Amino acid sequence: MSRLLLSGGTVVDPLAGRAAAGDVLIDGERIVATGAPGTLAAGDAEVLDARGLLVLPGLVDMHVHLREPGFEYKETIQTGVAAALAGGFTSLACMANTEPVNDSAAVTQYILDRARIAQGARVYAIGALSQGMKGERLAEIGEMRRAGIVAVSDDGRPVMDAALMRRALEYASMFRLPVIVHEEDRHLAEGGAMNEGVTALRLGLGGIPAAAEEVMIARDVALARVTGGRLHVAHVSTRGAVALVRQAKAEGLPVTAEATPHHLFLTEEAVEGYGTNAKMAPPLRTREDVAALRAALADGTIDAIATDHAPHHTDEKDVEFDHAANGVVGLETALPLALRLVAEGVLDLPTLVARLTTGPARILGLPAGTLAPGVAADVTLVDPERRWRVEARAFRSKGRNTPFEGWDMMGRAVAVLVGGRLVHDERPATAPALRSAS
Ligand SMILES: [Zn+2]
């Protein structure tokens, strides 16, 4: 296999917490060495000029809805993977709320086979927690584990039965799988379309209280304590939720959490004008909640940024707010938004990259997130100065439901390698092509 030298970029190592000028040498599918600029014996390797670019471990998105099988009109594995690569993600984990639900080895196998055909990003499957995601009986977790799932979750359907959640934590821990939870008490959230508060009152929309999320997290932390099971809280959205996760971690419980870019950047005020692209579950909250999420991302209480990429057809969003589908797309806007957190001084670049790589990789047990010699050469090259404007119609995703339409972004993945293969390339045409090392 051929050798490739990524030359002269700023190499970000999230494990060492370092960003420094350096070279990365790839042989075939693997990284073989990293070193100071010009120090690696590259021999006859081809050279990719990475000057001016950030060289990151391929990004990992642990929470994506790829919609296939069953909802191919919203997204397919093929289009979802293309969107992921355009956004700089080389590994993603897809949720089980397909049709049929991924609650059996057969569906898991189907998804992984389709992903292999799509070629590009590495796709990992998350199995349903309960049969049909009905919240009644446990799904075939052991069988799905053998087929390759990396976590279990009824994401989108909060598990209201505490005894079922207890059994899920017990059973999943036998297979060392995390249980990913969408924390929202359905009774408290019933009739709600946005965050409960003055904005909802003014707009005449039903509210979902912060407590709907917090009571469920408190319950499941208690169950994690009893069972020793690994609990991962998806899309944390409130200050109180952050406090509960922080407390659980301080106690030494195996509890982790993620936050989405939209919850890190938008408040309930985005719902003004009834923009249905501001409708999601959990809902956008308040300024204080956003501040708490950002602080938690910086101090490690929140382990990962995850997009919760949820493509919908225009018809499902182009309706009254109350009736619109929940969720927004996120794969193609997450990276520049994340970089903005660094620009705003919320956290430093290596820490941010950790939340997009080692953080989620550790939770799911994925062999991803580092540029260490010997690992698969999944690399995301980012032009931090590239300016562009979000235009949903230009997305690779079939979903157009972004709340960031028209936002001016700075920073973009311009080249993406998976297993040493250049699978996405949007470097300017004037950039020197691959050339042989002298
Ligand atoms: Zn989701």
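**Exercise 1. What volume does the largest pocket have, and which residues lie nearest its centre?**

Solution. Begin with the ground rules. The model is predicted, so local features need pLDDT of at least 70 and side-chain atom pairs count only at pLDDT 80 or more, while totals for chains, interfaces and linings use all residues. Residues are numbered from 1 along each chain as its sequence is written, and side-chain values use heavy atoms, with hydrogens and water left out.

Step 1. On a 1 Å grid over the protein atoms alone, a pocket is an open set of points with protein on both sides within 12 Å along at least five of seven lines; a cavity is a set where a 1.4 Å probe fits but cannot get out; lining residues have an atom within 4 Å of a point. Grid points are joined across faces, edges and corners, and a volume is the space filled by probe spheres set on the points.

Step 2. The largest pocket has a volume of about 800 Å³. Its lining comprises 34 residues, of which Gly156, Arg157, His182, Ala281 and Asn326 lie nearest the centre.

Step 3. Sorted by class, this pocket lining holds eleven nonpolar, 13 polar and ten charged residues. Here Ala, Val, Leu, Ile, Met, Phe, Trp, Tyr, Cys and Pro count as nonpolar, Asp, Glu, Lys and Arg as charged, and the others, Gly among them, as polar.

**Exercise 2. How many cavities of 30 Å³ or more are found, and what lines the largest cavity?**

Solution. Step 1. The largest cavity holds about 40 Å³ of space.

Step 1. Its lining consists of Asp154, Asp155, Arg157, Pro158, Val159, Met165, Ile180, Val181, His182 and Glu183. By class, five of these are nonpolar, one is polar and four are charged.

**Exercise 3. In what order do the eight strands of the open sheet lie, and which helices pack on the sheet or lie across its strands?**

Solution. Step 1. Helices (H or I, at least four residues) and strands (E, at least two) are DSSP runs, numbered from the N terminus; two strands pair if DSSP finds at least two bridges between them.

Step 1. The order is 6-7-8-9-10-13-14-15, with parallel pairing. Strand 6 (59–64) and strand 15 (304–305) are the edges, each pairing on one side only.

Step 2. Within the sheet, strand 9 (residues 151–153) pairs with strand 10 (residues 179–181) over two bridges, and Ser153 stands opposite Ile180.

Step 3. Contact means heavy atoms within 4.5 Å. Axes are lines fitted to C-alpha atoms, for helices over the stretch in contact, and angles run from 0 to 180 degrees between N-to-C directions. Helix 2 (residues 105–118) packs on the sheet, touching strand 7 (89–94) and strand 8 (122–127), at about 165 degrees to strand 8. Helix 4 (residues 162–174) lies across strands 9, 10 and 13 (231–233), at about 145 degrees to strand 10.

**Exercise 4. Where do cis peptide bonds occur?**

Solution. Step 1. Recall that most peptide bonds are trans.

Step 1. Another joins Glu99 and Pro100, with omega about 0 degrees; Pro100 lies in the loop between strand 7 and helix 2.
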